[in-house]
Amino acid sequence: MLRPNIAQELRAIVGDNWVMDTPEDCFAYSYDATPLYQSLPDGVIIPGTVEEVAAIVKVCARENIKIVSRGSGSNLSAGTVPIEGGLVVVLTRLNQILEIDQDNLTTTFQPGVITANLHREVEQLGLFYPPDPGSMNISTLGGNIAECAGGLRGLKYGVTKDYIMGLQAVLPNGEVLRTGGKSAKDVAGYDLTKLLVGSEGTLAIITEATAKLIPLPETKRTMLAMFQDLTGSAKAVSRIIAERMIPATMEFLDNATIRVVEDFARIGLPTDMGAILMIEQDGPEAVVERDIRKIAEICRKEGAVEVRVADSLEEGAKLMQARRFALSALARVRPTTILEDATVPRARLAEMVEQINAIAKKYDIQICTFGHAGDGNLHPTCMTDERDKEEIHRVEQAFEEIFLAAIKLGGTITGEHGVGMAKMNYLSLKVGDTGIEVMKALKHAIDPQNIMNPGKLFARDTRRRVVVSGGGHLNHHGHGNGCECNEHTAS
């Protein structure tokens, strides 16, 4: 718990109703959507203005209290678990869309805005904010920025960092920093905006952002291509890109995922197929119609047993929603669902999936794989039970081999979920020892007290997914007795 004088000072900043410091109240903020991690904070505070955030941080800097900033807690890398206790700063009250500038094609918003809400607001004006993480109906934009979230449209439109033009952020000493702005060109000094995007709350607390918008595409069409094997689907993906077509969305489901999703969504997916591609193209109507015809032809040439084009926008939305339901469908299978995001060059897609399947068989665990075929971002998802310690150990070993396989194929340990605690022991595989030292130097320069989201990104002397509790008395994995935690992308 917070010391009484500190709790009183914090209440004076935000009001009595917005500070919680009993174990019962703090429990809901001791975990996020990443299974097997939990640690109780000393307190929780919910500020309503940037001035309040700055005042809170100044108190924490003076008293050397650790800070974890948090939105909806939907991230999948244990990025918002308060591993060293301290204060969780919840940003959900900062939830206003401050401006939609139709002259400059930008929008300015606070970090607590739900991602899907921004989509709806700008699309009503004929504008478009493309980043669409699978958790967009619950994730906050501040969390998307902190994790540099991706989504289904990443192939054609990029990810969060490609749209954030400027930020307001509170630094670890309580000072307020502004970076970037609405200017289309700006090379004045270091790109501090890009430095903060994807920094996972370890450098500052984001309190406002300005993002680029683009015109809303005129129309879109959706299709399914069914293949008997993985190789055909992977070749189709490569051929489509080689033909200079960049679909808005190109999603992949393996057979195990197809069966589980169909059981959940009941949309008529053929459960005997080895793989399905879900492809969506958007843009001018004539271009979309041309591309869909050419994509269908390529898929057939590469062995697609059936190609199904949606007859309406409504049918297309239903098909794509089935992909978004993949995690929810898989989560029904067993008590614990662990979703990862190993990423490889798209030409190595089939090889990576085959290795995932071989690794799952080797360790006798159940893994279903789906993901963003167009950009090689795969989501191997293990259905397990955290109460079975021996099986969890095998899951640990399997995912370590999966990450190593991704690196060997020219890929990375994470395409969109971030490092957090879940992958900090593997970060050096991607960036090397020199990269780690550069990152640590930046962290120390900006946050010399190490109060901003400590215990994340950089490896420590604990095994992956085994947590030492922070402010509370929790069991081996950080869970209280009988607790089971579950659920998707950026906090």
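**Entry 1: the Phe pair in H14**

I started with helix H14 (residues 389–408), where Phe 399 and Phe 403 are four residues apart and therefore separated by about one helical turn. The model I am reading is a predicted one. I recalled the general rule: an α-helix has 3.6 residues a turn, so residues three or four places apart point the same way.

I then looked up the solvent exposure of the two side chains. Phe 399 counts as buried, at 0% relative accessibility. Phe 403 also has a relative accessible area of 0% and is buried. I noted that Phe 399 and Phe 403 share one aromatic cluster with Tyr 426.

**Entry 2: aromatic pairs**

I searched the whole structure for aromatic pairs and got six. One of them joins Tyr 129 to Tyr 163, with ring centres 6.0 Å apart and 75° between the planes, which is edge-to-face. I asked which parts of the chain this pair ties together. Tyr 129 is in the loop between strand E7 (127–128) and helix H5 (141–147), while Tyr 163 is in the loop between helix H6 (154–157) and strand E8 (164–170), so the pair links parts 34 residues apart in sequence. Tyr 129 and Tyr 163 are both buried.

I went back to Phe 399 and Phe 403 for their ring geometry. Their planes make an angle of 25° and their centres are 6.3 Å apart, so I logged the pair as stacked; the cut-off for stacked is under 30 degrees.

**Entry 3: charges over rings**

I looked for charged side-chain ends sitting over aromatic rings. Lys 212 has its charged end over the ring of Tyr 163, at 5.1 Å from the ring centre. Tyr 163 is the residue that also pairs with Tyr 129. I noted a second case at Trp 18, whose ring has the charged end of Arg 93 over it, 4.0 Å from the centre.

**Entry 4: H8 against H13**

I checked how helix H8 (residues 230–242) runs relative to helix H13 (residues 349–362). Their axes come within 8 Å and cross at roughly 150°. H8 and H13 are therefore roughly antiparallel, as the cut-off for that label is over 145 degrees.

Next I listed the residues that meet. On the H8 side they are Leu 230, Thr 231 and Ala 234, and on the H13 side Leu 349, Ala 350, Val 353, Glu 354 and Asn 357. I sorted the residues of this contact into five nonpolar, two polar and one charged.

**Entry 5: H9 and its cover**

I looked up which residues of helix H9 (residues 255–265) are buried, and found Ala 256, Thr 257, Ile 258, Val 260, Val 261 and Glu 262. The cover over these buried residues includes strand E13 (249–254), strand E14 (275–283), helix H11 (313–324), helix H12 (326–331) and strand E17 (366–372). After H9 comes Arg 266, which has a positive phi near 55°.

For H12, I took Ala 329, which lies in that helix. Ala 329 counts as buried at 1% relative accessibility. Neighbours within four places in sequence aside, Ala 329 contacts Val 260, Val 261 and Phe 264. Val 260 and Val 261 are among the buried residues of H9.

**Entry 6: Cys 382**

I located Cys 382 in strand E18 (residues 377–384). Is Cys 382 buried or exposed? Cys 382 has 0% relative accessibility and counts as buried.

Leaving out residues up to four places away in sequence, I found that Cys 382 touches Thr 336, Thr 337, Ile 338, Ile 365, Gln 366, Ile 367, Val 395 and Phe 399. The C-alpha atom of Cys 382 is 30 Å from that of Ile 241, which is 141 residues away along the chain.

I looked up two non-glycine residues with positive phi. Leu 36 has phi near 80° and is in the loop between helix H2 (23–26) and strand E2 (43–45). Leu 36 is buried, at a relative accessible area of 1%. Asn 453 has phi near 45° and lies in the segment after helix H15 (427–446). The relative accessible area of Asn 453 is 3%, so I recorded Asn 453 as buried.

How values were computed:
Residues numbered from 1 in each chain as written. Predicted model: local features only at pLDDT ≥ 70, side-chain atom pairs only at ≥ 80, totals over all residues. Heavy atoms only, no water. Phe/Tyr/Trp six-rings, centres within 6.5 Å; stacked < 30°, edge-to-face > 60°. Buried < 20%, exposed > 50% of the residue type's maximum accessible area, 1.4 Å probe, protein only. Lys NZ or Arg CZ within 6 Å of the ring centre and 35° of its normal. Axes fitted to C-alpha atoms, helices over the stretch in contact; angles between N-to-C directions. Parallel < 35°, antiparallel > 145°, perpendicular 65-115°, else oblique. Contact = heavy atoms within 4.5 Å. Nonpolar A, V, L, I, M, F, W, Y, C, P; charged D, E, K, R; others polar.
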